[in-house]
Amino acid sequence: MLFDDYFSLNAVVWLFLAAFMIHDFEEIIFVESWMNRNYERVRPLIPGPGQKWFKDMSNVKSSQFAVAVFVEFILFVPVTYLAAEKGIWALFIGFNALLFVHVFTHLGQSILLRSYTPGVVTAVAVSLPYSVYLFYRLLRDGAATWQDLLTYAPLGLLLVPVVLAGHKLGKKVVPD
């Protein structure tokens, strides 16, 4: 593949932090204004189980969202270090599996709502190609097997309480 000669696996792994931040910058920048403009129009389109979450997110400030992103980033740095420098892959693969699945939540939201949703552009343009290339390189370079990918992917769910705690912290650090 074209990039294989230019990027070491180590560099591809470290690029996770950039891919994550580029995607989350889009969300940070647009979430507050998008919610302010679209909440009333979109609310009736949200399926029942998502109503509480959508209501909770309806008054989120970009600065509060940024706190949650910061909490995730702080976790991602040592996990990325362990993968890139020590070959400890489990959490890194799990978190990247979740990033990959997250792309499809953004696509699903935009399809359901028939409009742009914060994060969909960089999910498709950055997160998706990065994830596909990362997994390809892990397999090609022998750092992981398909069994490793499938075994470690569920570890990405460990990120869910971190994200929830980050949003809760954001509300405390930056009150409404």
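Which handedness, left or right, does the crossing of α4 and α5 have?

## Two packed helices

The crossing of α4 and α5 is left-handed. This comes from a predicted model. Two packed helices are described by an axis angle and an axis distance. Here, helix α4 covers residues 90-113 and helix α5 covers residues 120-140. Their axes lie 9 Å apart, at an angle of about 145 degrees.

On the α4 side, the residues include Phe92, Phe100, Phe104 and Leu107. On the α5 side, they include Val124, Leu128, Phe135 and Leu138. The contact of α4 with α5 has 17 nonpolar residues, 5 polar ones and no charged ones.

## Serine 62

Now look at helix α3, residues 62-86. Serine 62 sits in this helix. Its relative accessibility is 15%, so serine 62 counts as buried.

What lies around serine 62? Beyond its neighbours within four places in sequence, serine 62 touches Ile28, Ile29, Val31 and Glu32. A polar atom of the serine 62 side chain is 2.6 Å from the backbone oxygen of isoleucine 28.

## Aspartate 176

Aspartate 176 belongs to the segment after α7 (159-173). Is aspartate 176 buried or exposed? Aspartate 176 is exposed, because its relative accessible area is 60% and the cut-off for exposed is over 50%.

Leaving out neighbours within four places in sequence, aspartate 176 contacts Asn59, Lys61, Gln64 and Lys171. Take glutamine 64. In sequence, aspartate 176 and glutamine 64 are 112 residues apart. In space, their C-alpha atoms are 9.0 Å apart.

Terms used:
Residues are numbered from 1 along each chain as its sequence is written. This is a predicted model: local features need pLDDT of at least 70, side-chain atom pairs count only at pLDDT 80 or more; totals for chains, interfaces and linings use all residues. Side-chain values use heavy atoms; hydrogens and water are left out. Axes are lines fitted to C-alpha atoms, for helices over the stretch in contact, and angles run from 0 to 180 degrees between N-to-C directions. Helices (H or I, at least four residues) and strands (E, at least two) are DSSP runs, numbered from the N terminus. A crossing is left-handed if the near helix is turned anticlockwise from the far one by less than a right angle, and right-handed if clockwise. Contact means heavy atoms within 4.5 Å. Ala, Val, Leu, Ile, Met, Phe, Trp, Tyr, Cys and Pro count as nonpolar, Asp, Glu, Lys and Arg as charged, and the others, Gly among them, as polar. Buried means under 20% relative accessible area, exposed over 50%, partly exposed in between (1.4 Å probe, protein chains only). A polar contact is a pair of N or O atoms within 3.5 Å; within protein, one must be able to donate a hydrogen and the other to accept it, and residues adjacent in sequence count only if both atoms are side-chain atoms.
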